[in-house]
Amino acid sequence: MKRTQFMLTRVLQGLVAILLIATVNFMLVRAAPGDPVSVLAGEAGASDPQFVAQLRAQFGLDQPITTQLATYIGKVVRLDLGFSYRQQQPVLKLIMDRLPATLLLTGSAFALSLLFGITLGALSARRAGTWVDSSITVVALIFYATPLYWLALMAVLVFTVQLDWLPGFGFSTVGSGATGLALAWDVAQHLLMPALTLALFYMAVYARMTRAAMLDVAQMDFIKTARAKGVRPGRILRAHVLRNALLPVVTLAGIQAGGMIGGAVLTETVFAWPGIGRLMFDALLQRDYSLLLGAFLVTAAMAVLFNLITDLVYTLVDPRIELT
Amino acid sequence: MKRRNLIQMGAAAATGLTLAGVPLHLLAAGKKGGVINAVVQPEPPGLMMGITQNAPTQLIAGNIYEGLLRYDEKITPLPSLATSWTSNKEGTLFTFKLKPGVLWHDGKPFTSADVVFSAAVFLRKTHARLRANLAAIESIKAIDPLTVEFKLKYPFGPFLGIFEVGSMPMVPKHIYEGTDFATNPANATPIGTGPFKFKEWVKGSYIQLVANDKYHVKDVPLVDSIYFHIIPDAASRAAAFESGKVDLVPGGAVEYFDVLRLSKLPGAAVTTKGWEFFAPHAWLWINNRKAPMDNIKFRQAMMFAIDREAICKVAWQGFAKPATGPFNSNIKFHSTDVAKYPRNVETAKKLLAEAGYKGETLRMLPLPYGETWTRSAEILRQNLAQAGVKIEMVATDVAGWNQKLNEWDYDLAFTYVYQYGDPALGVARNYTTANIAKGSPFNNVEGYSNPKIDALFDAGAKESDPEKRRAIYLQAQKILLDEVPVAWLYEINFPTLYRTKLSNIVSSAIGLNDSLSTASIA
């Protein structure tokens with residue numbers, strides 16, 4: 001009961017937050033200089049006042065800004081994300097077409113970074129002070145400090161151009177006509193490099209965080225008690241140290257999950273991955289207002305959703321935490 | 001490297017000539033079949049050429065749509081959908097004979113009704129550049145199903161130069177008549193008469209065209225299919241070419257320092273052919289409305305201060321050549337018999353002093369089109385600094401650049417424009433008073449106004465005798481070079497990077513924007 005009530009409150013709060021975000025986004029997007037019409041006119045290499053006026057009317061940009069905002073919010077409430085005049089398709093369709101690719105990429109990266117991050121962190125803490133610990137620390141610091149796009153480009157140069165092991169761009173081999181398992185294998189090959197590069201940064205963060213938290217927890221009295229009781233070291237590490245040390249990692253993972261879509265912009269650009277991050281970036285450059293706002297809104301909704309999930313996961317990791 | 005380039009260009013020139021003189025089917029000796037993997041950058045907003053004319057759209061849709069005429073590298077008209085054309089003596093009545101047996105991709109026949117609909121109805125509404133060109137036209141009539149007559153209000157010198165596919169693409173009347181052109185669902189599946197048909201567009205990934213087996217030229221096209229890959233990052237595009245995943249990279253899609261490196265790979269080559277019609281010409285907009293830029297001496301000083309050779313050599317890696325004035329050397333009536341501005345910092349300093357320049361800081365807007373443009377701007381800033389002009393760079397993205405130029409909110413700004421083969425089509429618009437209008441970055445943005453220039457460009461457009469036009473445009477060039485409304489920088493020779501297994505990729509003056517119908521794979 002308590003849980004249902006908690007969920008309802010949080011969902012309501014989330015909805016209000018999303019509406020507020022939509023309004024702020026609307027204003028922010030309009031604050032950038034240049035509008036979709038000037039971009040289209042510029043690209044055409046020629047324009048006259050008639051052409052510009054025609055496009056403005058078509059996009060509804062000739063209306064006062066408050067009217068445009070009211071229309072927009074009204075549509076959002078009805079779950080209508082509008083129409084992209086530039087791409088001549090409904091925004092929702094454009095986003096839904098791209099969402100699976102992004103979820104696959106960021107989901108794999110998320111799983112990889114958590115798995116390897118926590119494992120490496122735990123290993124590092126277990127062997128604190130040894131060469132294993134030092135090498136993990138050094139590697140983690142390097143990945144933490146290296147710009148993502150540079151790492152991505154280097155990966156392409158080494159594994160695609162030089163070694164020709166992995167495809168360097170795209171979601172699957174164009175024109176291969178593969179289906180079923182063959183297609184899955186093809187996609188997996190295309191996925192490996194972008195997912196790994198995207199994972200490396202967070203992997204490093206999780207490793208560092210797990211190590212620090214575990215060393216911290218290991219000093220606590222209940223660990224000493226457990227050891228005094230004669231609990232086996234392996235069990236102490238897994239059931240007592242790691243479980244308690246995971247809370248900050250869960251917090252961070254929640255944030256990462258919420259921000260995954262935005263974080264994929266660079267990776268998707270370098271690897272020509274047809275995801276939502278690139279869609280957003282292109283929409284920004286072209287001032288494709290409705291598409292940009294739609295993508296922002298979906299991103300915001302995901303962030304709110306993952307926040308909620310994070311709160312629930314807390315209670316699973318540490319039953320002492322109560323839902324209020 | 002120099003010699004290598006020369007040989008490649010020579011070879012390309014030879015194919016160009018062959019194409020101009022020899023019927024296309026003889027070229028079909030090239031092997032049939034195969035797939036071309038090309039790069040398109042950025043992803044086009046649409047492929048309906050009558051509605052969208054930006055560069056990526058033209059690159060792809062030039063395979064789907066066709067115009068009445070094509071042009072060889074000297075901008076001489078060649079037949080395309082029109083097989084012959086005649087005019088009256090005054091140059092006010094043109095009659096075009098259309099090719100019989102041409103079909104739209106949906107199987108319906110192409111007739112004179114489509115021509116009238118395209119030029120007089122559809123494009124007049126959607127195509128800003130053609131609308132300007134059509135101002136000279138009184139009426140367009142279908143005489144019979146294969147004959148069209150254009151009646152002009154006055155002799156219009158460049159008339160035969162407005163029929164290229166990007167300037168006047170033929171659109172199907174039976175699909176668009178009576179609909180809202182901009183939102184017609186058929187825009188998503190373009191129907192043309194060209195050698196390739198639209199197959200599939202996976203947004204964010206690729207666009208596929210397939211050979212039109214009912215194309216009106218026998219044995220053409222040669223390849224089965226073309227994929228245009230959408231790769232958003234310039235370095236990744238270079239890697240895609242280097243790893244052999246793409247065979248064809250159009251001009252400007254990879255940075256120029258990469259072009260040079262990639263063209264030296266085994267099996268790779270580069271050509272700068274196929275830009276003669278567009279003749280991309282770069283200059284520095286100078287806001288003539290404000291001091292000190294309103295002073296002719298100040299503007300002349302800029303011309304003397306800029307080291308064009310260095311920009312072409314360093315930033316453009318040789319893929320640009322110094323501009324000598326407002327006319328690109330590829331377009332008609334270009335003359336070198338005009339004032340010259342060799343680099344001379346001392347003269348520039350003297351002129352600046354005479355102009356009363358007191359060291360005000362000027363805002364310069366580079367073009368946000370990649371590294372090459374950024375480097376050009378940096379060299380130029382250094383050139384001007386040597387002459388004593390203080391520059392502050394203003395960084396923008398493309399939308400911001402458009403807006404600042406649309407609203408004349410700048411002191412100096414980079415740009416380049418296409419000149420479309422004839423001064424009346426691509427040059428006059430940048431200098432005439434009537435073209436001073438907010439809202440476009442490609443008209444008279446500098447705000448230059450001179451009744452003599454207005455009169456000359458007007459007379460040049462309304463004259464049909466080439467020799468008289470030459471005299472008129474020589475005079476215009478002389479005046480412009482004395483008054484320096486903008487600082488001309490360089491003619492861009494966009495390099496097309498390709499694998500040598502491809503041949504005949506460039507077959508007319510619009511290069512890859514024309515179809516790849518004659519291209520074959522060894």
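Modeller: Let us start with burial: a residue is buried under 20% relative accessible area, exposed over 50%, and partly exposed in between, with a 1.4 Å probe and protein chains only. This is a predicted model, in which local features need pLDDT of at least 70 and side-chain atom pairs count only at pLDDT 80 or more, while totals for chains, interfaces and linings use all residues. Residues are numbered from 1 along each chain as its sequence is written, chains are lettered from A and ligands numbered from 1 in the order in which they are written, and side-chain values use heavy atoms, with hydrogens and water left out.

Biologist: Does B:Pro485 count as buried or exposed?

Modeller: B:Pro485 counts as buried, because its relative accessibility is 0%. Helices (H or I, at least four residues) and strands (E, at least two) are DSSP runs, numbered from the N terminus. B:Pro485 is placed in the loop between helix 16 (466-483) and strand 18 (487-492) of chain B.

Biologist: Which residues does B:Pro485 touch?

Modeller: A contact means heavy atoms within 4.5 Å. Leaving aside residues up to four places away in sequence, B:Pro485 touches B:Ile286, B:Asn288, B:Arg299, B:Tyr431, B:Glu446, B:Tyr448 and B:Leu480.

Biologist: How is a sheet read, and what is the strand order in the open sheet of chain B?

Modeller: Two strands pair if DSSP finds at least two bridges between them. In chain B, four strands form an open sheet in the order 4-5-7-6, with antiparallel pairing. Strand 4 (82-87) and strand 6 (137-144) of chain B are the edges; each has a single partner strand, so one side of each lacks a neighbour in the sheet. From one strand to the next, the twist averages 20°. Axes are lines fitted to C-alpha atoms, for helices over the stretch in contact, and angles run from 0 to 180 degrees between N-to-C directions.

Biologist: How many bridges join strand 6 to strand 7 of chain B?

Modeller: Six bridges join strand 6 to strand 7 (residues 147-152) of chain B, and the two run antiparallel. B:Lys141 has B:Glu149, in strand 7 of chain B, as its bridge partner.

Biologist: Which helix lies across strand 5, strand 6 and strand 7 of chain B?

Modeller: Helix 4 (residues 112-126) of chain B does so, running at about 155° to strand 6 of chain B.

Biologist: How might chain A be summarised?

Modeller: Chain A has 13 helices and two strands. Of its 324 residues, 47% are buried.
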